Amino acid sequence: MSNDAFYYKKMEEYIKIINSKLHEYFNVPELPQKIVYEAMQYSINAGGKRIRPVLSLAVCDLLNYDVYEILPFACAVELIHTYSLIHDDLPCMDNDDYRRGKPTNHKVYGEAMAVLAGDGLLNLAFEIINEELLKCQELELLKRKIKAACIISKASGCRGMIGGQAIDITSEGKDISEELLMHLHNCKTGALIKASVISSGIVCGARETELNALDKYSQCIGLAFQIKDDILDYEGEMQTLGKTPGKDIISGKATFVSLMGLDRAKSKLDELMLESVKALACFGEKADFLKFISDVICSRIF
Ligand code: GRG
């Protein structure tokens with residue numbers, strides 16, 4: 001088996017573990033409000049790439065830690081990510097009809113229920129994290145888990161994803177600098193990607209030098225992820241993307257492609273890919289799976 005085939009298989013195995021845990025969280029009894037659970041489940045089951053929780057598990061694997069220890073945190077990040085997509089697709093935000101190849105949440109459940117489904121996913125994420133903290137019996141591990149919980153909350157909040165979205169909305173139709181675009185995406189997309197890597201490193205007891213390396217790695221792949229997203233929005237097709245391409249241009253959004261041009265955006269992507277790999281040098285071959293994930297992020301077609 002080639003290395004790539006081996007790592008693809010590993011990624012598939014991790015996705016199976018993640019999906020089965022996510023499934024457990026939705027095993028709820030019959031309740032009069034079951035419609036909101038159905039709406040939440042609809043988006044969770046719509047088939048995302050699960051790149052953020054896979055990253056968390058891959059860091060665990062790198063640090064020889066038990067992946068089941070980080071799994072609830074990894075799933076919580078996926079719930080937060082899914083809530084952000086539901087809200088981002090609403091008519092008051094990006095007004096999208098398709099996501100993950102399916103009609104968006106509000107198209108199926110209506111706007112009000114889609115807002116509640118997003119809220120429900122965000123709350124469920126922190127309910128899961130808090131329950132993990134309550135269950136933890138070992139003081140040092142508990143401290144590390146609290147730190148991880150803080151990192152995830154901060155990354156999802158106004159210093160992170162929500163803050164980035166606020167800049168995005170208020171920048172529409174305006175000329176913005178490359179610097180502001182970089183800041184916007186470090187917050188909007190990068191923060192949660194970084195949180196999935198760093199929170200896992202912390203729970204697994206990574207040393208300071210290792211955390212610094214993971215920080216640099218996740219900074220690079222977070223930005224690379226967004227540049228690739230902009231390239232796909234420019235070049236991609238509805239059928240493979242699972243969402244409407246070309247939306248950024250139509251809505252007058254500045255993107256890495258509109259600011260840098262396609263060729264420079266592609267070179268920047270290659271540069272970030274190499275930098276992400278370099279950042280992992282201190283781990284040697286053990287980091288090959290994380291390097292493979294960088295490649296998946298930069299060469300993905302959806
Ligand atoms: C509404 C608070 C709030 C935030 C929204 C993340 C976000 C902020 C908006 C999503 C819009 C977007 C297309 C961002 C670009 C990068 C990104 C997050 C893409 C979607 O992530 P993937 O490709 O999605 O990991 P899947 O469906 O595979 O999980």
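**Pockets and ligand shell in the predicted model**

By class, 14 nonpolar, 13 polar and 19 charged residues make up the lining of the largest pocket (Ala, Val, Leu, Ile, Met, Phe, Trp, Tyr, Cys and Pro count as nonpolar, Asp, Glu, Lys and Arg as charged, and the others, Gly among them, as polar). The model is a predicted one, so to speak of local features takes a pLDDT of at least 70 and side-chain atom pairs count only at pLDDT 80 or more, while totals for chains, interfaces and linings use all residues. Residues are numbered from 1 along each chain as its sequence is written, and side-chain values use heavy atoms, with hydrogens and water left out.

A pocket here comes from a 1 Å grid over the protein atoms alone: it is an open set of points where a 1.4 Å probe fits, with protein on both sides within 12 Å along at least five of seven lines, and lining residues have an atom within 4 Å of a point. The largest pocket comes out at about 1000 Å³, the volume being the space filled by probe spheres set on the points, which are joined across faces, edges and corners. Its lining runs to 46 residues, with Leu85, Asp88, Arg99, Asp229 and Lys243 nearest the centre. Helix 4 supplies the largest share of that lining, seven residues (helices are DSSP runs of H or I, at least four residues, numbered from the N terminus).

The ligand takes up the space of this largest pocket (a molecule sits in a pocket if more than half of its atoms lie within 2 Å of the grid points). Helix 4 (67-89), helix 8 (161-171), helix 9 (178-203) and helix 10 (208-235) each give two or more residues to the shell around the ligand, and helix 4 gives the most, with six. The ligand is surrounded by 20 residues, Lys49, Arg52, His81, Asp88 and Arg100 being the closest (near means a heavy atom within 4 Å). Five of the shell residues are nonpolar, seven polar and eight charged.

As for polar contacts (N or O pairs within 3.5 Å), a polar side-chain atom of Lys49 sits 2.5 Å from a ligand oxygen. The protein covers 93% of the 700 Å² of accessible area that the ligand has on its own (Shrake-Rupley, 1.4 Å probe).

The second largest pocket has a volume of about 320 Å³. Of its 17 lining residues, Ala155, Gly190, Ala191, Lys194 and Ala195 are closest to the centre. Helix 9 gives the most to this lining, with eight residues.

Conventions. Polar contact = N/O pair within 3.5 Å; in protein donor to acceptor, adjacent residues only side chain to side chain.
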